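Please look over the fold below. The report takes confidence first, then the sheet, the helices and the cores.

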Amino acid sequence: MSDKEEMASDGNMNVTLTLRLLMHGKEVGSIIGKKGETVKKMREESGARINISEGSSPERIVTITGPTEGIFRAFSMIAQKFEEDITAAMTNSNVTSKPPVTLRLVFPGSQCGSLIGKGGSKIKEIRETTGAQVQVAGDMLPDSTERAVTISGTPQAITQCVRHICSVMLESPPKGATIPYRPKAMPAGAHAVLAPQHSAQAFAIPGQYAFAHQDLTKLHQLAMQHIPLPSLGQSNPTFPGLDASAPTSSQELAIPNDFIGCIIGRQGSKINEIRQVSGAHIKIASATDGSAMRQVTITGSPASISVAQYLINARLSSTLTGLGVL
């Protein structure tokens, strides 16, 4: 462990940092709170400055500036708040598995190589040390030189993960000028405009499927239903990296009866979208008497199953936290 990393872990590192988070309107509302009380409390208790970008876009940038300890306290409070939101949403449902807290950070692309490390060694070390999941988007965010870094896990794991990321970023300052990402307002009824597929590069960590940022954005928007997507036929595979000829396998999920409707959608629209985007076969078993759960079987290549599971889980957590529109 380097000196800087040790300082980050021990909490003696007293430099001023700025971190940027990408959030949806609903998440921003949760952070601001009634009459701005939540964000006021976070600012006072953490000692960090927390600024939220203006605008009517579905995404907003939350900027956190301050001494490192203040930043870690602010992150801890934000993750805790999202955890409370998930718990509150779950009290009125019979969903047993709790979705993790997920935060999306934005970093200059020139620093992301250091975060991944040689052959993915650094990101693997961070995952193993903190218990958080970390994904670095392969593509730059639109009209910028920044990339999204997604962290999922418990609030404790997320805060630890942010400590590690900060120490890496301090050791590897950005190279050259950074063009910051600015979310654009979405005109009513607009479709998502995505960068050309061939420019997509994803960092695949062995044994895990990594998707380029534009694909993750597409998945996220599809799952959250912020933006309508045209029907995507099998003749035009949405994700070029998904090889349909890969060996097929099956995965079974148990979904609570109360939530099967949000997976199926009106007249099967949702489930058909998930089938088309992932390329997987998805079979939902009929309801069995006395059972609160329904069996869902996903069959396809490992990557297709991975995408289908991602979309189903995103659908469930967005419905739980009120982000999705049924």
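The text that follows describes a predicted model.

**Basis and confidence**

Residues are numbered from 1 along each chain as its sequence is written, and side-chain values use heavy atoms, with hydrogens and water left out. In this predicted model, local features need pLDDT of at least 70 and side-chain atom pairs count only at pLDDT 80 or more, while totals for chains, interfaces and linings use all residues.

pLDDT is the predictor's confidence in each residue, from 0 to 100. The chain has a mean pLDDT of 76, and 72% of its residues reach 70 or more. Confidence is lowest in helix H1 (residues 3-10), with a mean of 42. It is highest in helix H3 (residues 37-46), at 96. Residues 1-12 stay under 50, and the model gives them 21 contacts beyond four places in sequence (contact: heavy atoms within 4.5 Å). Residues 224-244 are also below 50, with 44 contacts beyond near neighbours in sequence.

**The sheet**

Helices (H or I, at least four residues) and strands (E, at least two) are DSSP runs, numbered from the N terminus. Six strands form an open antiparallel sheet, in the order S2-S3-S1-S4-S6-S5. Strands S2 (49-52) and S5 (133-136) are the edges; each has a single partner strand, so one side of each lacks a neighbour in the sheet. On average, neighbouring strands are turned by 25° against each other, direction ignored. Axes here are lines fitted to C-alpha atoms, for helices over the stretch in contact, and angles run from 0 to 180 degrees between N-to-C directions.

Two strands pair if DSSP finds at least two bridges between them.

| Strands | Bridges | Residue pair |
|---|---|---|
| S2 and S3 | four | Arg49 and Thr65 |
| S1 and S3 | nine | Arg20 and Thr63 |
| S1 and S4 | three | Leu22 and Arg104 |

S1 is mostly covered, with seven of its nine residues buried (buried: under 20% relative accessible area; exposed: over 50%; partly exposed: in between; 1.4 Å probe, protein chains only). His24 belongs to S1 (residues 16-24). His24 is buried, because its relative accessible area is 4%. Its side chain makes a polar contact of 3.3 Å with that of Arg104. A polar contact is a pair of N or O atoms within 3.5 Å; within protein, one must be able to donate a hydrogen and the other to accept it, and residues adjacent in sequence count only if both atoms are side-chain atoms.

**Helices on the sheet**

Helix H4 (residues 68-91) lies across S1, S2, S3 and S4, at about 140° to S3. Helix H5 (residues 109-116) lies across S4, S5 and S6, at about 120° to S4. Helix H7 (residues 155-171) contains Gln160. Gln160 is partly exposed, at 38% relative accessible area. Its C-alpha atom is 8.6 Å from that of Thr129, 31 residues apart along the chain.

**Cores**

A nonpolar core is a set of buried Ala, Val, Leu, Ile, Met, Phe, Trp, Tyr and Cys residues joined through side-chain atoms within 4.5 Å. The largest has 45 residues; Leu21, Ile64, Phe75, Ile78 and Ile165 touch the most other members. H4 gives the most to this core, with 10 residues. Beyond four places in sequence, the contacts of Ile64 include Leu17, Leu21, Ile50, Phe75 and Ile78. Another core lies apart from the largest one, with 19 residues, among them Leu253, Ile255, Cys262 and Val277.
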